[in-house]
Amino acid sequence: MLWKIPVLYLLAGVTWIVFSDRAVQALLHDPALITQVQTFKGAAYVAATAVLLYVLLRPLAQRLLGSQAQLQASEAQYRQMFESNPSPLLLYDLDSLRIIDTNAAATRLLGWSRGELQGKTLDLLAVPEDMAGLHEHVAAIRQEPGKVMVSLGRLRTSSGAIRDVEMHASLVRYGERSARLVIAMDRTAELEAQRARENALGRLQEAHRIARLCGWEIDLSNGRCNFSQQFQQLLGGPRLDARAHYRDVLVTADADSQARLDRVLSEAAAGDLREIDLLVPLRAGDGGDGGERLVRLRAQVGRDADLHLRLRGTAQDVTEEEQARRLLREREQQFRELMRILPDAVMILSGERVFFCNPACAAQFGYDSEALMGTALTDMVAAEDLAHVRRLLAQPDQEPGMQAAPRMQRRDGSRFSAALAVSPARYGGQDAMLVVMRDVSEPERIRDALATSNQELQAVARRLFTLQEEERRAISRDLHDDIGQSITAIKMSAHAALEEDSDAAQRLADLAEIIGIADATLDKLRNLSTLLRPPQLDALGLEAALRGHAGMRLRNSAIGLELDIDALPRRPAPEIEQACFRIAQEALTNVLRHAAAQRVHLRLRHDAPAEELELSVHDDGRGFEPQAARGLGLVMMRERAQTAGGRLAIESSPGGGTRILLHLPYTAQTAELA
């Protein structure tokens, strides 16, 4: 239309001028009239062409105005769309990289206003460490400006925060310039969630690895299974395909376990079980560490998209855990057994009350083990020593080792001395004190008894030396006075007999006197040797020696003698015979000297159950108090019995007589000092 209208107007004008002028010249000849007609003709032509131009240009102008209105409306709509778009939009010049315009979503995302962003380069939004990547991206866009670019990058906000965004950039014309429209979709939360999910999955996998958890599932309709790679590695088998049967993997170590596993899976397939929790010994394959692994299988029954019943769950290798638990049970059993047989008292105190005690501790305080539990410290310690014990419990490190607490208190109120060792401990998740206690009353009594015995031994030693000297003097006196005089008389009678040459009768009388003196001397020597050591003991044995000695000692006494001496099955060792004889000898001597008894009963028998000798000397005399007796004879009898490895008991009471009871082994033993 731009060139058709002028050409048409030109043709119409030329045609009008040429043909109208010729028509006027042909019809009119008056110049004035011709001039008027020409003027009228020009005015008519101008009016007609004006009307024609109006008719022709009016639709064109209307269409032009309509197009302009539509353009303005479209621009307003696009501006509204640009402004109201929920996604951040950013328009920048491709050549200068300056920001031309942004929408409200972009300002909210970036934190700058539209005025602050317009005219700024993209470097304002770039993260410094990503600057090189930005320039490489711009260079790629400039090489292919018409290509739509999709990239994932980072933008820096006004606060310095970094946002992860997905950017879709396309080429647009902005006036006479080429620009890039960028649609930025904030993926920060999504990526953070993805990273958190990946971290959680990583931690879950690590937890599964540490806890040895493996995933698995079984299609209960056909037995096909899907086991995780960790499960297969656990069992050391080859990699399985998707159609493997669970029996190819879950191979138990014994037939009973396999039957139990099959029964449970059958019940789950029938709908009788909704979840399972099994402890199964599975056999490891050639690729594992061999042997068997104890695996805990936990799973729940559910339906998949095809409504098939599936068993999904986890598997955990508890081999080491069960071994550790079994070892712990053994250690606990050993600890309980140790506490049971330990002779020292052991208790655990918390808040000055007994939380634990062993049998020795309960017995020491006169309680049952259960009755002592919960007993307060104040009920077990003498009031005057309670502060000392509390100080030990409060500061156990300052006084290590066994500490003396002189008086502890039993249930019946009796007291005993104890040594305590205190150490901090944990019991039932609480701080407590471990107390080891040893009753030192008996050792103190033994120490006192030992001191008394030492004094008695010293007295015995002194008395032995005295007795040895007295016996030597007595033997010397007997040899000198009796034997010596008898020998002297024999010598004198022999000389007298030698001088009686003529008187045969006198010689016979002298020889008879010599024989009488010699017989008397022999009797004296025999009695002396019997006192030193009876010959029956060596020649005839213990039984005969006791009969002979008892009869000889009590022969001239008013005390009645009762002998009950059994024949022994075998002869004891010489040391045993001598000890038994000397103790019987001393007992009979004490009866003669101190008992004032009417009768005495001496008994020797074989104690078959104990395979021992039993000697008993029982009189009906005045008796005495055994605890107050400190006689040297009693001490020597005890020492002889202990030296021979035997036991001596003295039973007596004032007015009730005395009984000496001796037990000796057949073979000499080394005595143990108590």
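1. Pairing requires at least two DSSP bridges between two strands. Strands (E, at least two residues) and helices (H or I, at least four) are DSSP runs, numbered from the N terminus.

2. This is a predicted model: local features need pLDDT of at least 70, side-chain atom pairs count only at pLDDT 80 or more, and totals for chains, interfaces and linings use all residues. Residues are numbered from 1 along each chain as its sequence is written, and side-chain values use heavy atoms, with hydrogens and water left out.

3. Is E11 buried or exposed? Six of its six residues (345-350) are buried, so the strand is largely enclosed by the rest of the structure. Buried means under 20% relative accessible area, exposed over 50%, partly exposed in between (1.4 Å probe, protein chains only). Ala-345, Met-347 and Leu-349 point one way; Val-346, Ile-348 and Ser-350 point the other. In a regular strand, side chains alternate between the two faces of the sheet.

4. E11 also pairs with strand E12 (residues 353-357), antiparallel, over four bridges. Ser-350 stands opposite Arg-353 in E12. Two residues separate the strands in this hairpin, where Gly-351 takes a positive phi near 65 degrees.

5. Elsewhere, five strands form an open sheet with mixed pairing, in the order E16-E17-E18-E20-E19. E16 (560-565) and E19 (647-652) are at the edges with a single partner strand each, so one side of each lacks a neighbour in the sheet. E16 and E17 (residues 599-607) run parallel, joined by six bridges. Glu-562 stands opposite His-601 in E17.
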